[in-house]
Protein chains: 2
Amino acid sequence: MGTTSKALSLLSYFSRAQPLIGLSDMARLSGLNKATVHRLMGELAQAGFVEQAGSGREYRLGPAVMRLAALREHAVPMRDVAAAVLRDLSDATGETAHFSLMQGQTLSTVAYAYSPLHGTRVTMEDAEVLMLHATGSGLAVLAYSPPGMADRVLAGPLAARTDQTITDAARIRAILDEIRAVGVAESVSGFEEDVHSHAAPVFNAEGVAMGAIAVAAPTARMDAQLAARIRAAVRTQALRLTAMLGGLTPPDYPKDERPRDAAQDDSRAVSLPAKG
Amino acid sequence: MGTTSKALSLLSYFSRAQPLIGLSDMARLSGLNKATVHRLMGELAQAGFVEQAGSGREYRLGPAVMRLAALREHAVPMRDVAAAVLRDLSDATGETAHFSLMQGQTLSTVAYAYSPLHGTRVTMEDAEVLMLHATGSGLAVLAYSPPGMADRVLAGPLAARTDQTITDAARIRAILDEIRAVGVAESVSGFEEDVHSHAAPVFNAEGVAMGAIAVAAPTARMDAQLAARIRAAVRTQALRLTAMLGGLTPPDYPKDERPRDAAQDDSRAVSLPAKG
DNA sequence: AACCATCGGTTCAAATAATGAACCAACCAC
DNA sequence: GTGGTTGGTTCATTATTTGAACCGATGGTT
């Protein structure tokens, strides 16, 4: 790993939960020597990527990222494009819609839209990181990533966010096959309790999944009818968003939703009917 | 300069005008060896800070900056805070208001607000870089930066954006003194033709200028009355924004707008009355 | 079709920058 | 005081970065 990668990796330790990180903490988190971290943070600070917070001498993300983000958004107005699609998607389903993008090894939320239809809804956080094996979006992306990708992720430790998170690699592999057969992924309470999400992949110009859009609904509200409506809508809108972002939906992506049995699995249901 | 700084400096060559940069171009722009640039861009790409655009193999800013920006904005909601202040400022003046922050050696626009009052208005670009010697905001910041700062900037080449840009270092030094006497900076057509801007510094917790807010109006609309209203408003709102961002307005900052002669300079007017 | 100037990308010995254990001084809780 | 922190520094050792030269491919010119 090059020095630059190390420096950039330091930035990834900042999160919503931990916006301020001290020198020693950063050294511990990254596993790098304190002197090394000090120098790297110094360089990052000089470039404005981090700054030292007023009171303590802890570091936080700096203003330079704001400038770069504005330029990125101007060059690739993904967020705006996605916002329009998400609005349609949440209108069509009456539930929360969100769009997440792969960045390195993680999936992070780019935009979301709520529906005013119900008083209760699934809420999202800006820039939330979604676990690949425990969310509908993550599974949708894994199903349509290069083979090595899923292998790498499933080889690593699979943390359980809830007691319904599936952490068995073999079972997940089977689920990925099922997703590929239908084009839509599903997760019930795998990431947050009482959240049932459906997701479909969004492809880049090479036909590889670069992210996913999803609809997240309270499990209490989910039934066969709503699920069918959501699957159809998320599928349609994913195709549309892929096109709008200049991506290419691969030829082997299922052409249209197949007829499904109305019967749902029990509460632990996560997979889609394997039916081919 | 460390390797990390070199890598980060590459990111600064992306701009609104040049969102896509090829390998050879980047090597030329940065003055680094092509092989070096290739490796650094590779590391930046791996971390998601840049990506290679679909068609050519040129680079552009990547999705990672979006995520970091969302976290930064969550930790330090400057943009939101500034947006409210700018709204008030543009309402009070009927003209375009904007807020810019120092990042390294340059001043870049963070947020702006338009007034619906007039059909013609000064328009802003996201993340625009403002020249320190040629804009009201830049002069306001220079006037309230550590002494070395102005020396460094004025020692370098002072480019003329328009034929009314002041490029004489001695003259600018005199103008900075005048700004310090009144607390508000002014620039007429120094950056864009037919734009008259007034600016006031925004201070950080150490009492050093970290940026400026400004009101930009078409020169055709500027008269003594409007100028007086703008000066008062930009001053008030700068004090307010400094407070809201946890900054400290230094004790020697002029307490209130002094009575001024109604007489304006001729068209080349840029300085404020030196009166002390 | 030959030519020339690009382009992005690669190679490898030489040069340079990164590294980390040990060491500060300052701060805080006890 | 004492012990365990903190952020920050030093410098000999080590490993990474560097850049001239070199690819093959592409695209325009003659």
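Student: What should I know about numbering and cut-offs before I start?

Tutor: Residues count from 1 along each chain as its sequence is written, while chains are lettered from A and ligands numbered from 1 in the order in which they are written. The model is predicted, so local features need pLDDT of at least 70, side-chain atom pairs count only at pLDDT 80 or more, and totals for chains, interfaces and linings use all residues; side-chain values use heavy atoms, with hydrogens and water left out.

Student: How many helices and strands are in chain A?

Tutor: Helices are DSSP runs of H or I with at least four residues, strands are runs of E with at least two, and both are numbered from the N terminus. Chain A has 9 helices and 8 strands. Its radius of gyration is 20 Å, close to the 19 Å that the globule rule gives for 276 residues, so chain A is as compact as a globular protein of that length. The radius is taken over C-alpha atoms, and the rule is 2.2 Å times the number of residues to the power 0.38. Along the principal axes, the C-alpha atoms of chain A fill a box of roughly 60 × 40 × 40 Å.

Student: How do I read burial and contacts?

Tutor: Buried means under 20% relative accessible area, exposed over 50%, and partly exposed in between, with a 1.4 Å probe and protein chains only. In chain A, 53% of the 276 residues are buried. Contact means heavy atoms within 4.5 Å. Of the contacts in chain A with a separation of 6 or more, 59% join residues 24 or more positions apart.

Student: Where does A:Val234 lie, and is it buried or exposed?

Tutor: A:Val234 belongs to helix α9, residues 224-244 of chain A. It is buried, at 0% relative accessible area. A:Ala214 is 20 residues away along the chain, yet the two C-alpha atoms are separated by 6.5 Å.

Student: Which residues does a strand residue such as A:Ala111 contact?

Tutor: A:Ala111 sits in strand β4, residues 106-113 of chain A. Its relative accessible area is 8%, which makes it buried. Beyond its neighbours within four places in sequence, A:Ala111 contacts A:Arg79, A:Leu86, A:His98 and A:Phe99.

Student: What about a loop residue? Is A:Asp168 buried or partly exposed?

Tutor: A:Asp168 is partly exposed, at 43% relative accessible area. The loop that holds it runs between α7 (147-155) and α8 (169-182) of chain A. A:Asp168 and A:Leu154 are 14 residues apart along the chain, and their C-alpha atoms are separated by 8.6 Å.

Student: What rotation superposes chain B on chain A?

Tutor: Two copies of a chain are related by a rotation about an axis and a shift along it. Here the rotation is 179°, the shift along the axis is 0.0 Å, and the RMSD is 0.3 Å. The two copies are thus related as by a two-fold rotation axis. The superposition is by least squares on the C-alpha atoms of residues with pLDDT of at least 70 in both copies.

Student: Which residue of chain B comes closest to the rotation axis?

Tutor: B:Thr4 does, with its C-alpha at 2.3 Å. B:Thr4 is in helix α1, residues 3-11 of chain B. It is buried, at 0% relative accessibility. Neighbours within four places in sequence aside, its contacts are A:Thr3, A:Thr4, A:Ala7, A:Leu40 and A:Glu43.

Student: Why do the copies meet through the same surface?

Tutor: Compare the two sets of interface residues. Of those in chain B, 98% are also interface residues in chain A, so the copies meet through the same surface.
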